[in-house]
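Good morning, and thank you for coming. Please keep the sequence and the model in view while I speak.

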Amino acid sequence: DTVDETPRPLRPGSLDLTLPSEFRVGQRASVRFEAPYAGRVLMTVETDRVLQSRWLTVDAGPVEWSFTPNSFSPNLYVSALLLKDPHLDSAESFTPARAFGVGSAAVRPEAYVQTVELDAPSEILPGEILEVGIRVSGGEGPTWVTLAAVDPGILSLTGFEDPDPLATLFAPRALAVESFERS
């Protein structure tokens, strides 16, 4: 029935970050979490490097921080490192503590996706020539198109699903920034 409140300097507490379902380049995004105590928090936006960072002074309770993604990456990581005010409990005591959280969300690839419209027959007979008209809008410059004719009947027999090229091209990338502390 007792609780050990001895600080654990080698084990940070955890912060559960709430991120939007996706980010959009040029549009503000908000990140929220619950601070277990007052202190200073380092907020960062990262990919293969730190893109943005900001130190905030926070009170215990809900914290919200917003930022604007400036460039495209398939996904962004947002991290929060909260350092407790060591004299929070009393001016005479020194009880350090810290908490850490990280989350990731996809970035909408608006600048890399175009609207494609096809003019094609709904079905053709074996040996017939398939003629397809293609209209592309929303991009600048020349566009190259690869067209693949897929037989849904064969797919249903093999259990193979239509591949999603955007999911492959813009698959989430691993966080390439390492977090560490030195004493």
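Two strands are said to pair if DSSP finds at least two bridges between them. Strands themselves are DSSP runs of E, at least two residues long, numbered from the N terminus. What we are looking at is a predicted model, in which local features need pLDDT of at least 70 and side-chain atom pairs count only at pLDDT 80 or more, while totals for chains, interfaces and linings use all residues. Residues are numbered from 1 along each chain as its sequence is written, and side-chain values use heavy atoms, with hydrogens and water left out.

I begin with strand β4, residues 39-46. β4 pairs with strand β5 (residues 50-58) in the antiparallel sense, over 8 bridges. A hairpin of 3 residues joins β4 to β5, and G39 stands opposite V58 in β5. β4 also pairs in the antiparallel sense with strand β7 (residues 75-84), again over 8 bridges. There, L42 has L81 of β7 as its bridge partner.

How many of the 8 residues of β4 are buried? The number is 6, and the strand is mostly covered. Here buried means under 20% relative accessible area, exposed means over 50%, and partly exposed lies in between, with a 1.4 Å probe and protein chains only.

Next, the aromatic residues. Rings of Phe, Tyr and Trp (its six-membered ring) pair if their centres lie within 6.5 Å; planes under 30 degrees apart count as stacked, over 60 as edge-to-face and the rest as tilted. By this rule there are 5 aromatic pairs. In one of them, W65 and F67, the ring centres are 5.3 Å apart and the planes stand at 20°, so the pair is stacked. W65 is buried because its relative accessibility is 7%, and F67 is buried with a relative accessible area of 2%. Together with F23, these two residues form one aromatic cluster.

A ring also takes part in a contact with a charge. The charged end of K84 sits over the ring of Y37, 5.8 Å from its centre; the rule asks for NZ of Lys or CZ of Arg within 6 Å of the ring centre and within 35 degrees of the ring normal.

I turn now to salt bridges, each defined as a side-chain nitrogen of Lys or Arg within 4 Å of a carboxyl oxygen of Asp or Glu. The count comes to 7. One of them joins E22 and R108, at 2.4 Å from N to O. E22 lies in strand β2 and R108 in the loop between β8 (98-107) and β9, so this pair ties together parts that are 86 residues apart in sequence.

D119 is in strand β9, 16 residues from R135. Is D119 buried or partly exposed? D119 is partly exposed, because its relative accessible area is 46%.

That concludes my presentation.

Key:
Helix = DSSP H or I, 4+ residues; strand = E, 2+ residues; numbered from the N terminus.
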